[in-house]
Amino acid sequence: MIMENKPTLANESNRQPQLYIIAAMSENRVIGNQNHLPWHLPDEWKNFKKITDGKPFLMGRTSFEAPDALHSSYRNVVLSSRAASEEKSDVAYVKDIPGALALLSEETEVFVLGGAAVFEQMLPLVQKLYLTIVHAELEGDAYFPVINQNEWELVTSDYHGIDDEHQYSFSMNVYERKMAD
Ligand SMILES: NC(=O)c1ccc[n+]([C@@H]2O[C@H](COP(=O)([O-])OP(=O)(O)OC[C@H]3O[C@@H](n4cnc5c(N)ncnc54)[C@H](OP(=O)(O)O)[C@@H]3O)[C@@H](O)[C@H]2O)c1
């Protein structure tokens with residue numbers, strides 16, 4: 001089971017953007033199956049696009065290359081231990097998280113898009129979670145890390161029911177990291 005650690009990297013630099021995770025997971029924390037999202041929820045996509053429009057994204061190479069991946073029209077920073085295979089104006093490959101944060105240090109807000117490996121590493125560093133809970137128990141091979149509920153406050157929750165276009169109901173939740181005592 002993955003447990004959350006204390007934030008460290010974000011404190012190493014004076015200048016850092018606000019870091020937000022945006023993700024959707026099932027009740028049993030599944031976020032992906034064979035490099036696909038295990039659901040088709042158009043209104044959840046719309047919510048994702050509304051929140052992240054025009055913002056820079058930080059993501060792992062696997063998620064960036066996923067067939068159903070969404071890319072930022074503005075800026076994509078992709079984590080990969082491999083040498084840069086692509087350099088376009090809106091895509092940069094970086095070898096580690098400190099390198100990514102350095103590259104993004106002039107931004108005000110950065111959305112961490114996943115996948116599982118990147119969520120696990122970035123969870124201790126982020127200030128806010130845009131986390132949709134899909135109300136189903138699903139099979140998958142990629143999981144969202146366990147959240148320590150004592151460290152997070154649910155600030156909004158927007159429920160969406162099942163309809164002709166949505167096979168599962170879901171709740172679009174926003175959590176903020178509680179201030180340390
Ligand atoms: N439901 C959701 O919200 C959501 C969102 C995004 C993704 N997903 C799902 O998540 C799954 C993919 O997750 P994943 O864990 O397999 O892959 P991932 O986190 O997307 O990417 C992993 C890759 O990123 C690179 N990487 C990660 N951490 C790094 C670090 N610290 N330094 C350098 N490189 C690093 C490595 O690339 P190299 O191998 O090139 O070194 C690694 O293999 C898919 O099923 C996808 O559909 C779900």
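**Note on the ligand shell and backbone of the predicted model**

1. Helix 4 contributes the largest share of the shell around the ligand, namely four residues. The model under review is a predicted one.

2. Other elements take part as well: at least two shell residues each come from strand 1 (18-26), strand 2 (30-32), strand 3 (56-60), helix 2 (61-65), strand 6 (109-114) and helix 4 (116-122). Among the 28 residues around the ligand, those that come nearest are G32, G60, S63, G114 and G115.

3. The peptide bond between G114 and G115 is cis, with omega about 0 degrees. G115 sits in the loop between strand 6 and helix 4, and both G114 and G115 are listed with the residues that come nearest to the ligand.

4. R29, in the loop between strand 1 and strand 2, has a positive phi near 70 degrees. N35, in the loop between strand 2 and helix 1 (42-52), has a positive phi near 65 degrees.

5. R29 has 18 C-beta neighbours inside 10 Å and therefore counts as partly exposed. N35 is likewise partly exposed, because 15 other C-beta atoms lie within 10 Å.

6. As for the overall fold, the chain contains four helices and ten strands, arranged along the sequence as β-β-α-β-α-β-β-α-β-α-β-β-β-β. Of its 181 residues, 31% count as buried. Of the contacts between residues at least 6 apart in sequence, 71% join residues at least 24 apart.

Notes: Residues numbered from 1 in each chain as written. Predicted model: local features only at pLDDT ≥ 70, side-chain atom pairs only at ≥ 80, totals over all residues. Buried ≥ 20, exposed ≤ 12 C-beta atoms within 10 Å, placed from the backbone. Contact = placed C-beta atoms within 7 Å. Near = placed C-beta within 6 Å.
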